[in-house]
Amino acid sequence: MRTKQVNFLIAFAAVVLFSFSCFCISRMTQTNNQLINCRNHILEFKENMLRLKNKTETNRQELMKTLNRMKDEIEQRENLSARLVEKKVNTSDKIETVTNAFEILKFFLPHLRKVGRIYPNVIIGKEKTGVSFALGIPTVNRGNHTYLKQTLTSIVSRMTLSEENDSVVIVSIADSNEDYVKSVVDMITKKFRKQVKSGSLEVISIPAYFYPTMLHDKESTEDSEKLERWKTKQVLDFCFLMLYAQPKAMYYLQLEDDIIAKKSYFTTITDFVHNITSNNWFSIEFSVLGFIGKLFKSADLTDFVQFFLMFYKDKPIDWLLGYIFQIKMCHPGETTEKCIERNREIRIRYKPSLFQHVGIQSSFPGREQRLKKI
């Protein structure tokens, strides 16, 4: 009996131990699985953190790029605003400078004292400044005859690109005929579009209020009176154009609307001016005919204009040009030869002429001018 009890206890203990072992093994397996799952979660979390970090870095880089773009745009806008302000100031200064240049007209032409700001009508152009040469071409209606297109073609086509960039050709319409003004504008905008676009060619018109009342009088039928009015108006036309061109360039070349320039004329003029050893000259004549091909320093134009305006009713402008040199260089009591010798020092003549006069129909109605060159 006793043996049976012992065996039962042993069997029970074995069952208990086996059950406990199974339990422990089960718990260990469960714990191990939990550890494995935990490790997997940790690895997954780590991967998510790495992805998040990478994404954050990408977002940071994109954010930095966006901020840099915004910074650049702000700087560009600030620079643009500064340039616009500077341009506005410069434009105001330029207009003020030109206006001041025209103010001297009020001293000689009293009717202009009632006018506020004197300035031409700028029809075409970018109002180019800061160049070496300004070439002035006044033009008027000659009825059925016109030479302006031929003149401009020779002037523009015989410049190099660099010479064109360093100059401005100014066509001044000194005529109130609206049809003529329109024809000039249409011709230039079509034929010389490139020069207009670059600012190397511009067209202005002289306002009607500029001329004294006597020049508006059309009632007189006497040819002598008409001729006197024509000569008077011509002097005023040249003066107005000179004052407009003065602030644009270092030198001013006076031309007319019925001439042809010789090949390489501009290069010849530039080289000749740069090779002059003395800077005491007042004009260089590249044509001895009339008022064609006369080169002036822009700084001296005001003195010439003032002299022309003093006697604009009395003599043609080419005569007045000769008188101003005579007054400047001739002293009382000296010989004519001595005066002429000193005159040559400031009034230089270049030969041969660089400009050919081709107009037969004069700007004075009904008059012909067949003198072409000397």
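Select helices α3 and α5 to begin: their crossing is right-handed, meaning that the near helix is turned clockwise from the far one by less than a right angle. Helix α3 covers residues 148-157 and helix α5 residues 178-191; their axes come within 11 Å and cross at roughly 30 degrees. Axes here are lines fitted to C-alpha atoms over the stretch in contact, with angles running from 0 to 180 degrees between N-to-C directions. Helices (H or I, at least four residues) and strands (E, at least two) are DSSP runs, numbered from the N terminus.

The model is predicted: local features need pLDDT of at least 70 and side-chain atom pairs pLDDT 80 or more, whereas totals for chains, interfaces and linings use all residues. Residues are numbered from 1 along each chain as its sequence is written, and side-chain values use heavy atoms, without hydrogens and water.

Next, display the side chains between the two helices. Leu148, Lys149, Leu152 and Thr153 of α3 meet Val184, Met187, Ile188 and Lys191 of α5, where contact means heavy atoms within 4.5 Å. These residues comprise 5 nonpolar, 1 polar and 2 charged; Ala, Val, Leu, Ile, Met, Phe, Trp, Tyr, Cys and Pro count as nonpolar, Asp, Glu, Lys and Arg as charged, and the others, Gly among them, as polar.

Centre on Phe308. Beyond its neighbours within four places in sequence, Phe308 is in contact with Val235, Cys239, Met242, Phe291, Ile317, Leu320 and Leu321.

Finally, select Gln246, in the loop between α7 and β5. Gln246 is buried, at 16% relative accessible area. Its side chain reaches the backbone oxygen of Ser298 at 3.0 Å and makes a polar contact with the side chain of Thr302 at 2.9 Å. A polar contact is a pair of N or O atoms within 3.5 Å; within protein, one must be able to donate a hydrogen and the other to accept it, and residues adjacent in sequence count only if both atoms are side-chain atoms.

Technical notes. Buried < 20%, exposed > 50% of the residue type's maximum accessible area, 1.4 Å probe, protein only.
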